[in-house]
Amino acid sequence: MNPIQINLRDFFLKGQFDSVKIGQTKDYIINNFAQPDDDSDMGYNMRIFSYGCIEFHFEFDVLFLIWCDNLTYLKNTKSIKFDKWIIKDLAKMTLPNVLKILNSEKSNYSVKFDEKLKNAIIKIKPSNVNLWFEPMKEENDENPNNYKLIAFGLSDKDYDSFENIF
């Protein structure tokens, strides 16, 4: 079986992750998508399917989150091949550089800064994908212009922390 092709540009800008959509059941994904590399029962009716460092989070067997917070480990797996788009070179994925790319794509987005947590989140509005930025820990640089992309995710609106901020 050939690996499923996932284009992260399509995911970030359009919310497309092959046939997978938030709200689908675990059984639907098992029957219509690649088999996960790992299937973890987290208890409390929570389950996580892992495809390399991409995680599908389920509550009561319903997908509510597609998440990746280990970008340095985003690699092709036996079942998924990634077109990494902008995250091919993570060192260049600062907040200003990503904003410049989103502007060149004419993407509609919002940015939320949290001084207390020392982070920034970009919500790409057409896709509802969130991009998380933080200072690099070893640099301890609190200037938002130096924040680096550390995670991305798409979640059900009831779980979307960005939406709950406003």
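**View 1. Pairing of strands β1 and β6.** In this predicted model, strand β1 (residues 4-7) and strand β6 run parallel and are joined by four bridges, where strands count as paired if DSSP finds at least two bridges between them. Within this pairing, glutamine 5 stands opposite lysine 81 of β6. Residues are numbered from 1 along each chain as its sequence is written, local features need pLDDT of at least 70, and side-chain atom pairs count only at pLDDT 80 or more, whereas totals for chains, interfaces and linings use all residues. Side-chain values rest on heavy atoms, with hydrogens and water left out.

**View 2. The two faces of strand β6.** Side chains alternate along β6 (residues 80-83), with Ile80 and Phe82 pointing to one face and buried, buried meaning under 20% relative accessible area with a 1.4 Å probe and protein chains only. Across the chain, buried residues make up 43% of the 166 residues.

**View 3. The chain around the strand pair.** The chain comprises four helices and ten strands, taken as DSSP runs numbered from the N terminus (helices H or I, at least four residues; strands E, at least two). The radius of gyration, 16 Å, is close to the 15 Å that the globule rule gives for 166 residues, so the chain is as compact as a globular protein of that length; the radius is taken over C-alpha atoms, and the rule is 2.2 Å times the number of residues to the power 0.38. Along the principal axes, the C-alpha atoms fill a box of roughly 45 × 35 × 30 Å.

Methods
Buried < 20%, exposed > 50% of the residue type's maximum accessible area, 1.4 Å probe, protein only.
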